[in-house]
Amino acid sequence: MKVETIKNICNLGTGTMGFGTAVMFAMAGYNVKMYGRSDKSIARGLDGVKAALATYQENGLVKEKDIPAIIGRVKGVTTLEEAAADADFVIESIAEELQIKQEVFAKMDKLCPAHTIFATNTSGLSPTAIAEAVGRKDKFVVAHFWNPPHIVPLVEVVPGKYTAQETVDITWQLMEKIGKKPVALNREALGFIGNRLQLALLREALYIVESGIASKEAVDTTMKYSLGRRLSTTGPLESTDLGGLDIFYNISSYLLKDLCNETKISPLLKAAVDKGMLGAKTGEGLYTWTPEALTKIKKTRETILLEWLHKDKEMEF
């Protein structure tokens with residue numbers, strides 16, 4: 001199988017990640033069957049597709065005249081039988097539970113053509129564990145899109161124990177064809193790359209607040225107006241080279257011993273979760289989130305991410 005032979009995409013899921021992946025494939029010209037468990041979930045997914053395209057149009061990333069054709073390439077279906085028919089590539093974004101994913105892929109394994117590649121959009125579950133439910137273990141891979149998937153370019157392509165290199169290569173190439181920026185792991189690891197880096201940073205950020213070094217506002221401001229801006233252009237390893245390995249070597253000699261290396265969950269994080277303070281979705285977390293504050297920060301984030309999409313396109317030429 002070659003990436004050029006892929007024409008039909010089976011998109012399992014209609015939520016935040018589901019509609020986002022569907023719109024990316026449809027914009028790239030693929031026929032997409034978007035599976036949801038009910039007509040209501042299909043309607044929600046299609047609303048998400050239309051909203052994403054409206055945002056793209058407002059920001060000059062898609063032409064208005066092209067939108068009807070893009071929407072027309074997304075067909076909502078409510079049975080796995082319909083979703084699997086003629087599928088060349090399956091991208092799954094359903095509940096983040098191992099058993100549920102295994103059950104769905106076990107059914108899809110019986111319904112899909114033999115050549116179909118299976119990709120899960122899990123943010124951390126083991127591809128080897130999920131693939132235990134299917135016969136085509138060599139054709140099973142992680143394609144982890146970052147939220148929001150239609151705006152954040154990265155896709156982590158993660159092989160399991162049985163994944164063939166051809167499957168990794170084709171998935172990588174397909175992600176490039178739909179305009180994403182793929183990275184491939186050499187082997188699976190908990191959290192992949194992104195979440196390992198994110199949790200290492202979060203651990204130290206929480207420790208700084210817990211130990212009284214600085215306030216949460218100071219921590220977030222430091223990241224947004226220094227490292228956050230620099231790391232968007234040069235990654236941590238590139239930044240180290242640019243700064244001088246001798247400099248970072250010397251800093252490491254005294255600072256590493258003082259950094260947090262706790263393997264237990266942060267007391268600050270645990271206390272908030274125990275109280276039901278889960279962040280923006282409950283209105284209270286490390287910060288208090290009014291509807292107005294939440295709308296403002298989401299809009300700001302979206303605007304900046306869309307500006308980066310424009311910059312990415314400019315740098316391609």
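Is Ser41 buried or exposed? At a relative accessible area of 11%, Ser41 counts as buried, because the cut-off for buried is under 20%. Keep in mind that this is a predicted model.

View 1. Ser41 sits in helix H2, which runs over residues 39-58. Its side chain reaches back to the backbone oxygen of Ser38, at 2.8 Å. Leaving aside residues up to four places away in sequence, Ser41 touches Thr14 and Gly36.

**View 2. The annotated stretch, residues 191-289.** An unreviewed UniProt entry labels this span "domain: 3-hydroxyacyl-CoA dehydrogenase C-terminal". In the model, residues 191-289 are 61% helix and 0% strand. Look for the end C-alpha atoms of the span and you'll find them 27 Å apart.

View 3. Six names to pick out here: Leu199, Leu202, Ile265, Leu269, Val273 and Leu278 make a nonpolar surface patch of about 520 Å². Helix H8 (194-210) supplies at least two of the patch residues, and so does helix H12 (267-274).

**View 4. Ile265, a loop member of the patch.** Ile265 is one of the residues that make the nonpolar patch, and it lies in the loop between helix H11 (245-255) and H12. How exposed is Ile265, and what is its relative accessible area? The value is 63%, so Ile265 is classed as exposed, the cut-off for that being over 50%.

Methods: Residues numbered from 1 in each chain as written. Predicted model: local features only at pLDDT ≥ 70, side-chain atom pairs only at ≥ 80, totals over all residues. Heavy atoms only, no water. Helix = DSSP H or I, 4+ residues; strand = E, 2+ residues; numbered from the N terminus. Buried < 20%, exposed > 50% of the residue type's maximum accessible area, 1.4 Å probe, protein only. Polar contact = N/O pair within 3.5 Å; in protein donor to acceptor, adjacent residues only side chain to side chain. Contact = heavy atoms within 4.5 Å. UniProt positions renumbered as here; feature names shortened; annotations may be inferred. Patch = residues over 30% accessible without salt bridge, like charges linked within 9 Å, V, L, I, M, F, W, Y side chains within 5 Å. Areas by Shrake-Rupley, 256 points an atom, 1.4 Å probe, with all protein chains shown as cover. Salt bridge = Lys/Arg side-chain N within 4 Å of Asp/Glu carboxyl O.
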